[in-house]
Amino acid sequence: MSLTDKVVVVTGGSRGLGREMVLAFAAAGADVVVASRKLDACAALADEVRATHGRRALPVACNVSEWDQCDALVETVYAEFGRVDVLVNNAGLSPLYPSLDQVSEALFDKVIGVNLKGPFRLSALIGARMAAAGGGSIINVSSIEAVRPEPFAVPYSAAKAGLNALTGGLAQTFAPTVRVNTIQCGPFATDISLAWPDALREELTKHNALRRVGEPNEVVGAALFFATDASAFCTGSTLALDGGWR
């Protein structure tokens, strides 16, 4: 599953699943754009990509919940590389809250902005350019919460359900040259999981057939599948990467 000389943009790319995908894409021969809110973290990973894989790596600070910052990211990437072959909408956010009636408007807007508004804007801009250039792949990173929402993540669940719907609409909009698919993740042991209470981790492992949470590098196979011609006849699809969630 080669990506030799392709250009791949990964939002939320400096840590967690995003970091694993950035490194995997570079190992497969791609030049990468590491986009996240904190430029220092993006730059550190870009340095690692150059040193380890000898690929071009562009760090860009971007809060995808801000429309103007999405626009600026796109302009920066096209000025540097002239094209995008793969866009991975990976940035995500799910703050905890004491109860639904205490979810503030600001928190709600932030969750929708990062998980849904940003992917919409980036996909609209980059997808249109991909279609004009003859093709590309967009990968949305969703969550099991989109289809099995829990009380502690209702706004996040709604945003990810919207992202799943967005995948189908974008696949039709940019067909036949641009493919758009979703990786729907279960719980993964990223750095965010360090804040999980022990009881939550134990509970999560009871809900899937593999009886464990995923390791961050286990997203790589699905990401490479959708990014490459291995999935040439696949668009508008959702791949459950959740260990057999029940």
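**Helix pairs, salt bridges and burial**

Tutor: Gladly! Let's start with two helices: the axes of H1 and H2 come within 10 Å and cross at roughly 30°. Keep in mind that this is a predicted model.

Student: Why are H1 and H2 called roughly parallel to each other?

Tutor: The label applies to angles under 35 degrees. H1 and H2 cross at roughly 30°, and therefore they count as roughly parallel. The crossing is right-handed.

Student: Which residues make the contact between H1 and H2?

Tutor: From H1 come Arg19, Val22, Leu23, Ala26 and Ala27, while H2 brings Leu45, Glu48, Val49 and His53.

Student: What makes Arg19 and Glu48 a salt bridge?

Tutor: The cut-off is 4 Å between a side-chain nitrogen of Lys or Arg and a carboxyl oxygen of Asp or Glu. For Arg19 and Glu48 the closest N and O atoms are 2.8 Å apart, so the pair qualifies. Arg19 sits in helix H1 (residues 16-27) and Glu48 in helix H2 (residues 39-53), 29 residues apart, and the pair links distant parts of the chain.

Student: How do you know that Arg19 is partly exposed?

Tutor: Partly exposed is the range between the buried limit of 20% and the exposed limit of 50%. Arg19 has a relative accessible area of 27%, so it belongs there. Glu48, at 28%, counts as partly exposed too.

Student: How many salt bridges does the whole structure have?

Tutor: A search finds nine. One of them joins the side chains of Asp31 and Arg55, at 3.1 Å from N to O. Asp31 lies in strand S2 (residues 31-36) and Arg55 in the loop between H2 and strand S3 (57-61), so this pair ties together parts 24 residues apart in sequence.

Student: Are Asp31 and Arg55 buried or exposed?

Tutor: Both are buried. Asp31 and Arg55 also belong to a network of salt bridges that includes Asp5.

Student: What makes Arg121 buried and Asp71 partly exposed?

Tutor: The buried limit is under 20%. Arg121 has a relative accessible area of 19% and is therefore buried. Asp71 has 23%, so it is partly exposed. The side chains of Arg121 and Asp71 meet in a salt bridge of 2.8 Å, N to O. Because Arg121 lies in helix H4 (residues 105-133) and Asp71 in helix H3 (residues 67-81), the pair ties together parts that are 50 residues apart in sequence.

Student: What makes the pairing of Gln184 with Asn164 a polar contact?

Tutor: The two side chains come to 2.8 Å, and the limit for such N or O pairs is 3.5 Å. Leaving aside neighbours within four places in sequence, Gln184 is in contact with residues including Ser142, Val147, Asn164, Thr238 and Asp242.

Notes: Residues are numbered from 1 along each chain as its sequence is written. This is a predicted model: local features need pLDDT of at least 70, side-chain atom pairs count only at pLDDT 80 or more; totals for chains, interfaces and linings use all residues. Side-chain values use heavy atoms; hydrogens and water are left out. A polar contact is a pair of N or O atoms within 3.5 Å; within protein, one must be able to donate a hydrogen and the other to accept it, and residues adjacent in sequence count only if both atoms are side-chain atoms. Contact means heavy atoms within 4.5 Å. Helices (H or I, at least four residues) and strands (E, at least two) are DSSP runs, numbered from the N terminus. Buried means under 20% relative accessible area, exposed over 50%, partly exposed in between (1.4 Å probe, protein chains only). Axes are lines fitted to C-alpha atoms, for helices over the stretch in contact, and angles run from 0 to 180 degrees between N-to-C directions. Angles under 35 degrees count as roughly parallel, over 145 as roughly antiparallel, 65 to 115 as roughly perpendicular and the rest as oblique. A crossing is left-handed if the near helix is turned anticlockwise from the far one by less than a right angle, and right-handed if clockwise.
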